[in-house]
Amino acid sequence: MSTLITGAAGFIGMQVAAALLRRGEAVVGIDNFTPYYSVELKRARVARLDAGFGGLFTFIDGDFGDAAALADALAGQRIDRIVHLGAQPGVRYSLENPAAYVHSNIAGHVNILELARHRAVSHLVYASSSSVYGMRADTPFRVADRADTPISLYAATKRADELLSETYAHLFRIPLTGLRFFTVYGPWGRPDMAVWKFTEAVLQGRPIDVYNHGDMRRDFTFVDDIVNGVVLALDHPPADDHREKPGGFTTPHRLYNIGNNRSERLTDMIAVIEQACGRKAELNLLPMQAGDVYQTAADIDDIQRDLGFAPTTPISVGIPAFVDWYRTDWLSRKA
């Protein structure tokens, strides 16, 4: 079994690759090291996979948003399944560089759908986002809820990916699973995410920017739980049985929320970081940023029922694990 993972140099991609490789499966990873955040960190993730898994792991430096380059890069590579995690992330950056989101998240997603179609893969799992729910006041967010009022370009591209996927499932009967991730954090995470930024600032004695004056809630999900959910989904493709699936589709396509199933106050998350770092945070309280949402909370009943997904890591465990990795691993690399 050989699985293509896009975004293999990314936070979740690297750890999903490692989980499959530990099972003895072959993984072909592709990424193009865009400088949205530290390229050094991305290369360190790939180096970790290269060092740990030898001949089972093949890495390709390429841009899946370029159809011709993707075809050339994968010529001769066996691909049985795809985990499509590569994307241009970030709500706020989409205000500055919308073209990057159209290239990676729209054109790139279509390229991967075309690859799945022509290679006749057994299953394509792709990353969506909790941001598709927009500025909802009612929680938890359910997959059956409407998701047609995005408030950022990033969210709009992710919802477009879901609709494009449904079209391909309808036309070509490709088994597809879309996963709406909820605020993933943990070791090897992203420097643009709150847990990393706040930890770094607290340890350096710098103030942290806290939006909406701290009155925000997030369903923080530890990366090990996310990886478990991705692999569960990959191993259980949807049936082409014309029965309605989560997301409302009768094609071999379904959508799941994948979160921690509890919404934490931002101030509580900061308190756990302070305790793990052994230092108080200096807060720079700011108004809500354009494109941001007040709260996220995942209803995970569908994925629990269908796949047995059960997150096990509260922030009281996950954040200290991240802080320990940041201090003992990442800072030592930077020294």
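Trainee: Which strand holds Leu255?

Mentor: Helices (H or I, at least four residues) and strands (E, at least two) are DSSP runs, numbered from the N terminus. Here, Leu255 lies in strand E11, residues 253–258. This is a predicted model, where local features need pLDDT of at least 70 and side-chain atom pairs count only at pLDDT 80 or more, while totals for chains, interfaces and linings use all residues. Residues are numbered from 1 along each chain as its sequence is written, and side-chain values use heavy atoms, leaving out hydrogens and water.

Trainee: Is Leu255 buried or exposed?

Mentor: Buried means under 20% relative accessible area, exposed means over 50%, and partly exposed is in between (1.4 Å probe, protein chains only). Leu255 has a relative accessibility of 1%, so it counts as buried.

Trainee: Which residues does Leu255 touch, not counting those up to four places away in sequence?

Mentor: Contact means heavy atoms within 4.5 Å. By that rule Leu255 touches Tyr126, Val143, Arg159, Glu162, Gly178, Arg180, Pro246, Gly247 and Phe249. For a sense of scale, take Arg48: it is 207 residues from Leu255 in sequence, and the two C-alpha atoms are 31 Å apart.

Trainee: Now a loop, please. Where is Ser131, and which side chain does it join through a polar contact?

Mentor: Ser131 sits in the loop between strand E5 (123–129) and helix H5 (153–172). A polar contact is a pair of N or O atoms within 3.5 Å; within protein, one must be able to donate a hydrogen and the other to accept it, and residues adjacent in sequence count only if both atoms are side-chain atoms. In this case the side chains of Ser131 and Ser129 are joined at 2.9 Å. Ser131 counts as buried because its relative accessibility is 13%. Beyond its neighbours within four places in sequence, it is in contact with Tyr154 and Ala155.

Trainee: And what does the side chain of Arg136 make a polar contact with?

Mentor: Its partner is the side chain of Asp138, at 3.0 Å. Arg136 is also found in the loop between E5 and H5. Setting aside neighbours within four places in sequence, Arg136 is in contact with Phe141, Asp145, Arg146 and Gln295.

Trainee: How many aromatic pairs does a search of the whole structure find?

Mentor: A pair of aromatic rings is described by the distance of the centres and the angle of the planes. Rings of Phe, Tyr and Trp (its six-membered ring) pair if their centres lie within 6.5 Å; planes under 30 degrees apart count as stacked, over 60 as edge-to-face and the rest as tilted. The search finds 20 pairs. One of them is Tyr36 with Tyr93, a tilted pair with 5.0 Å centre to centre and 45° between the planes. This pair links distant parts of the chain, 57 residues apart: Tyr36 is in the loop between strand E2 (26–31) and H2, and Tyr93 in the loop between strand E4 (81–84) and helix H4 (98–119). Tyr36 is partly exposed at 23% relative accessible area, and Tyr93 is partly exposed at 25%.

Trainee: Why is the pair of Tyr168 and Phe172 called tilted?

Mentor: Their ring planes meet at 55°, with the centres 5.2 Å apart, so the pair is tilted. The two are four residues apart in helix H5, and are therefore separated by about one helical turn. Tyr168 is buried at 13%, whereas Phe172 is partly exposed at 32%. Elsewhere, ring pairs link Trp188, Trp196, Phe322, Trp325, Tyr326 and Trp330 into a cluster.

Trainee: What volume does the largest cavity have?

Mentor: Rolling a probe the size of a water molecule over the atoms shows where empty space is left. On a 1 Å grid over the protein atoms alone, a cavity is a set of points where a 1.4 Å probe fits but cannot get out, and a pocket is an open set with protein on both sides within 12 Å along at least five of seven lines; lining residues have an atom within 4 Å of a point. Grid points are joined across faces, edges and corners, and a volume is the space filled by probe spheres set on the points. The largest cavity comes to about 60 Å³. Its lining includes Phe11, Trp196 and Phe322. Strand E7 (184–185) and helix H6 (194–204) each supply at least two lining residues.

Trainee: Which residues lie closest to the centre of the second largest pocket?

Mentor: That pocket holds about 230 Å³ of space. Of its 15 lining residues, Met14, Gln15, Ala18, Arg22 and Arg48 are the closest to the centre. Helix H1 (11–22), helix H2 (39–53) and helix H7 (223–235) are the elements that give two or more residues to this lining, and H1 gives the most, with five.
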